[in-house]
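Welcome, and thanks for taking a look at this one with us. Here is a short tour, topic by topic, to read alongside the structure.

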Amino acid sequence: MLSQEQCEACRADAPLLSETEISELMPEVDGWEVINEASQQRLHRVFKFGDFEQALAAAQRVGEYADQVDHHPRLVIEWGSLAVTWWSHKIGGMHRNDFICAARSSELVKL
C-alpha cells in the first residue's frame, strides 16, 4: 500500500518513472491524473469541499505532511476546492515518492 511507504529524499540523478511504472502505480492513486506541465509529467488531483474552511484545513494537513517528508507539492486553495500537484523538482518529473505522497494526501484530505 503506497500510503504506508516512506517518502525518501530523491537524488538529482534519480531516474524518472517509465511509462510502464506510471501505469502500474496509477491504480493505487484513485482519482489522480497525470498531467503534462512545463514539459514534465506530474500527478494532479482536485478535491472538493463544502466551503473554504474545509479546503484550507485539508491543505494544512497535506502541507504539514509535506514538510515532515521534505517533499513539497503545489497546493491551490479556492472556495470549495483544493488542487494538489506532486512532482519531483530535482529530476524534473515523477518519482515513486510522488505516488507515495499522492496516496498519503488522499488519506489526509479525508480526515
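Let us start where a helix begins: Asp51 caps the N-terminal end of α2, with a side-chain oxygen 3.2 Å from the backbone nitrogen of Glu53. This is a predicted model, in which local features need pLDDT of at least 70, side-chain atom pairs count only at pLDDT 80 or more, and totals for chains, interfaces and linings use all residues. Residues are numbered from 1 along each chain as its sequence is written, and side-chain values use heavy atoms, with hydrogens and water left out. Helices (H or I, at least four residues) and strands (E, at least two) are DSSP runs, numbered from the N terminus.

**Helix α2**

- The helix α2 covers residues 52–69, and its 18 residues reach 26 Å from first C-alpha to last, close to the expected 26 Å; the expected span of a helix is 1.5 Å times one less than its number of residues.
- Seen from the inside, Ala55, Ala58, Ala59, Val62, Tyr65, Ala66 and Val69 of α2 are buried. These residues cover an arc of only 125° around the axis, which puts them on the same side of α2. The arc is that of the directions from the helix axis to the C-beta atoms.
- Buried here means under 20% relative accessible area, exposed over 50%, and partly exposed in between (1.4 Å probe, protein chains only).
- Glu53, Asp67 and Gln68 are exposed on the other side of α2.
- The cover over the buried residues of α2 includes β3 (74–78), β4 (81–86) and α3 (96–110); contact means heavy atoms within 4.5 Å.

**Helix α3**

- For α3, the 15 residues should span 21 Å at 1.5 Å a residue, and the end C-alpha atoms are 22 Å apart, which agrees.
- Eleven of the 15 residues of α3 are buried, so this helix is largely enclosed by the rest of the structure.
- Among those buried residues of α3 are Asn97, Asp98, Phe99, Ile100 and Cys101.
- Elements that cover the buried residues of α3 include α1, β2, α2 and β4.

**Positive phi in two loops**

- Most residues other than glycine have a negative phi, and most peptide bonds are trans.
- Ala38 is not a glycine, yet has a positive phi of about 55°. Ala38 sits in the loop between β1 and β2 and is exposed, at 61% relative accessibility.
- Asp70, which comes just after α2, takes a positive phi of about 55°. Asp70 belongs to the loop between α2 and β3 and is exposed, with a relative accessible area of 62%.

- Where does His71 lie? The loop between α2 and β3 holds His71, and this residue is buried, with a relative accessible area of 11%.
- The side chains of His71 and Asp98 are joined by a polar contact of 2.7 Å. A polar contact is a pair of N or O atoms within 3.5 Å; within protein, one must be able to donate a hydrogen and the other to accept it, and residues adjacent in sequence count only if both atoms are side-chain atoms.
- Leaving aside neighbours within four places in sequence, His71 is in contact with residues including Cys7, Ala66, Trp86, Trp87 and Cys101.

**Thr85 in strand β4**

- Thr85 is part of strand β4 and counts as buried, at 2% relative accessibility.
- A polar contact of 2.8 Å links the side chain of Thr85 to the side chain of His44.
- Not counting residues up to four places away in sequence, Thr85 touches Ile35, Arg42, Leu43, His44, Pro73 and Arg74.

**Aromatic rings**

- One aromatic pair is counted, the rule being that rings of Phe, Tyr and Trp (its six-membered ring) pair if their centres lie within 6.5 Å; planes under 30 degrees apart count as stacked, over 60 as edge-to-face and the rest as tilted.
- Trp32 and Phe47 form an edge-to-face pair, 5.9 Å centre to centre with 75° between the planes. Trp32 lies in the loop between α1 (19–25) and β1 (33–37) and Phe47 in strand β2 (residues 40–48), so the pair ties together parts that are 15 residues apart in sequence.
- Trp32 is buried at a relative accessible area of 6%, and Phe47 is buried at 7%.
- Arg42 lies over the face of Trp87, 3.7 Å from the ring centre; a charge sits over a ring if NZ of Lys or CZ of Arg is within 6 Å of the ring centre and within 35 degrees of the ring normal.
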